[in-house]
Amino acid sequence: PAEVVKYYIVPFSETELEKAVADGLFLVAMPGTDLLKFCKAAGSRFYDQSWYNDEKFTKIKSRRGYHLLGELEDSTSKNFGEPQAMIPTGYEVPLLVEMTYLAAAKLPGEAFPDVVRCLDVDSDGDRCNVRVGEGQVYVSSRWDSNRLSNLGVAFGQFRPLAS
């Protein structure tokens with residue numbers, strides 16, 4: 001019997017992808033997974049941080065499909081709320097698991113924002129963020145009011161799988 005191969009169509013036009021590249025976004029084809037399962041599968045790519053094992057955000061699944069993900073330009077040194085008006089129409093702040101997927105996929109030496117805030121919050125109400133350092137992905141959280149020069153806001157656009 002012949003094997004059935006399913007092909008998926010990337011649901012972004014060439015023009016949209018060219019603009020995404022100009023805006024510093026990366027195209028990511030993402031499965032539906034949660035942070036704990038993904039960390040376990042990625043192994044040594046993640047810095048061992050057991051603080052979040054019992055957090056609710058670790059059980060939120062990524063949206064299965066295509067994502068354009070990156071850091072919102074000029075979002076550093078601002079609190080979390082200030083850059084929200086700068087997010088283009090049709091874009092949003094992605095989930096932590098979605099940005100960690102991008103972070104883990106980056107090859108050593110490739111650019112990744114210093115630290116980017118995501119949509120999720122921890123049990124104390126602090127905004128979750130992700131960074132890459134020394135070949136590993138780190139997850140942490142900070143108050144929304146923090147204004148650090150290396151702390152920006154993630155943004156992106158999601159589209160489900162099209163076949």
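## Secondary structure

Three helices and six strands make up the secondary structure of the protein, where helices (H or I, at least four residues) and strands (E, at least two) are DSSP runs numbered from the N terminus. Along the sequence these elements follow the pattern α-β-α-β-α-β-β-β-β.

This is a predicted model, in which local features need pLDDT of at least 70 and side-chain atom pairs count only at pLDDT 80 or more, while totals for chains, interfaces and linings use all residues. Residues are numbered from 1 along each chain as its sequence is written, and side-chain values use heavy atoms, with hydrogens and water left out.

## Overall dimensions and surface

The radius of gyration of the protein, taken over C-alpha atoms, is 16 Å, which agrees with the value near 15 Å that a compact globule of 163 residues would have; the globule rule is 2.2 Å times the number of residues to the power 0.38. Taken along the principal axes, the C-alpha atoms fill a box of roughly 55 × 35 × 30 Å.

Of the 163 residues, 42% count as buried, that is, under 20% relative accessible area, with exposed meaning over 50% and partly exposed in between (1.4 Å probe, protein chains only). Among contacts (heavy atoms within 4.5 Å) with a separation of 6 or more, 73% involve residues 24 or more positions apart.

## Helix α3

Helix α3 (residues 96–105) is largely enclosed by the rest of the structure, because nine of its 10 residues are buried. These buried residues are L96, V97, E98, M99, T100, Y101, L102, A103 and A104.

## R63 and its surroundings

R63 is found in the loop between α2 (35–42) and β2 (65–71), and it counts as partly exposed because its relative accessibility is 24%. Leaving aside residues up to four places away in sequence, R63 touches M30, P31, E92, P94, L95, E98 and F158; of these, E98 is also listed among the buried residues of α3.

The side chains of R63 and E92 are joined by a polar contact of 2.6 Å, a polar contact being a pair of N or O atoms within 3.5 Å of which, within protein, one must be able to donate a hydrogen and the other to accept it, and residues adjacent in sequence count only if both atoms are side-chain atoms.

## I87 and its surroundings

I87 lies in the loop between β2 and α3 and, at 15% relative accessibility, counts as buried. Not counting residues up to four places away in sequence, I87 touches L72, E92 and V93, and E92 is also a residue touched by R63. The C-alpha atoms of I87 and E73, 14 residues apart along the chain, are separated by 9.3 Å.
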